[in-house]
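Here's a quick walk through the model, meant to be read with the viewer open.

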Amino acid sequence: MSTHLEQAWRIAAHFTADPLPADWRDQLAHRLGRRPRRVGLWTELAMYGARRCLDEAGEAALPAGARLRVSSMRGAWGATHAALAQLDAGMLMPFTFMQSQSALMLAEVGRCLEWQGDASFALCRDPEQLLRLSRAGAGSAGLLVGIVEEERNSEKPRSEWWRLVPA
C-alpha cells in the first residue's frame with residue numbers, strides 16, 4: 001500500500017486571452033523589448049500567454065527549479081500544414097519546418113521567461129490529466145502550465161496559463 005500523499009497546490013496566477021486583444025503581438029513585443037523573430041504564430045501565442053501569466057503572478061522570471069508544461073490538441077497547426085504543403089511542392093523551407101517543432105516553442109517561451117529547465121510539450125485533449133501529470137514530482141518552485149491553440153475553422157486562438165505553487 002502506498003503512503004504517498006499528493007502535494008497540495010495553489011494557483012498563484014491564471015491568465016487566459018479570451019478574447020485575444022487585437023494588439024497582442026504589439027503588447028508582447030513591448031513587454032519583451034523586441035519583436036520575436038523567426039517563430040510561428042503558435043510560439044508567439046505561447047510566449048504571450050506565458051509572459052502575461054508570470055506578470056500576473058508578480059514574477060519577473062520563472063524560477064530556475066520550476067517546470068514548464070505546454071499542451072495543445074494540434075500543436076503548431078499552421079506551420080505543420082505549411083511545411084507539408086512545401087514538402088509536396090518539393091521546396092521545404094527551413095524556417096517553416098522549424099516553426100512546426102514544439103521544441104522551438106519551448107525554447108522561445110523559456111527565453112522570454114528568462115528561464116532554463118525542465119520543459120515539455122504534450123498533445124492532449126484532457127486538461128485535468130495534463131495538470132495531474134505536470135504536478136507529479138514537481139518541486140517547491142512549482143510549475144507553469146499552458147494550453148495553446150491556433151485559430152482553426154471556427155475555433156478561436158487560445159493561450160491559457162496557470163502558475164501553480166505548493167500550498
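## A tour from helix H5

Glu108 lies in helix H5. This is a predicted model, so local features are given only where pLDDT is at least 70 and side-chain atom pairs only at pLDDT 80 or more, while totals for chains, interfaces and linings use all residues. Numbering starts from 1 along each chain as its sequence is written, and side-chain values use heavy atoms, with hydrogens and water left out. Helices (H or I, at least four residues) and strands (E, at least two) are DSSP runs, numbered from the N terminus.

Is Glu108 buried or exposed? It counts as buried, at 12% relative accessibility. Here buried means under 20% relative accessible area, exposed means over 50%, and partly exposed is in between (1.4 Å probe, protein chains only). Leaving aside neighbours within four places in sequence, Glu108 is in contact (heavy atoms within 4.5 Å) with Val39, Thr43 and Met47.

**Over to strand S2**

Ser72 is found in strand S2 (residues 67-72). With a relative accessible area of 1%, Ser72 is buried. Its side chain reaches the backbone oxygen of Val148 at 2.9 Å, and a polar atom of that side chain lies 3.2 Å from the backbone nitrogen of Arg74. Beyond four places in sequence, Ser72 is in contact with Trp42, Phe121, Ala122, Leu123, Cys124, Val148 and Glu149.

Glu160 is buried, with a relative accessible area of 13%. Its side chain makes a polar contact with the side chain of Arg158 at 2.7 Å. For a polar contact, a pair of N or O atoms must be within 3.5 Å; within protein, one must be able to donate a hydrogen and the other to accept it, and residues adjacent in sequence count only if both atoms are side-chain atoms.

Which residues does Glu160 contact, leaving aside neighbours within four places in sequence? They are His14, Phe15, Thr16, Val145, Gly146 and Ile147. His14 is 146 residues from Glu160 along the chain, yet their C-alpha atoms are separated by 7.6 Å.

Leu164 also counts as buried, at 6% relative accessibility. The C-alpha atoms of Leu164 and His14, 150 residues apart along the chain, are separated by 8.9 Å. With neighbours within four places set aside, Leu164 is in contact with Trp9, Arg10, Ile11, Leu131, Arg135, Gly142 and Leu143.

Most residues other than glycine have a negative phi, and most peptide bonds are trans.

| Residue | Phi | Relative accessible area |
|---|---|---|
| Arg38 | about 60° | 48%, partly exposed |
| Glu114 | about 55° | 61%, exposed |

Arg38 sits in the loop between H1 and H2. Glu114 follows H5 and has its place in the loop between H5 and S3. As for the peptide bonds, a cis one joins Asp18 and Pro19, with omega about 0°. Pro19 is in the loop between strand S1 (9-16) and H1.

**Stepping back to the whole chain**

How many helices and strands are there in the chain? There are six helices and five strands, and along the sequence they follow the pattern β-α-α-β-α-α-α-β-α-β-β. The radius of gyration (taken over C-alpha atoms) is 16 Å, close to the 15 Å that the globule rule gives for 167 residues, so the chain is as compact as a globular protein of that length. That rule is 2.2 Å times the number of residues to the power 0.38. Along the principal axes, the C-alpha atoms fill a box of roughly 55 × 40 × 30 Å.

Buried residues make up 41% of the 167 residues. Of the chain's contacts with a separation of 6 or more, 71% are between residues 24 or more positions apart.
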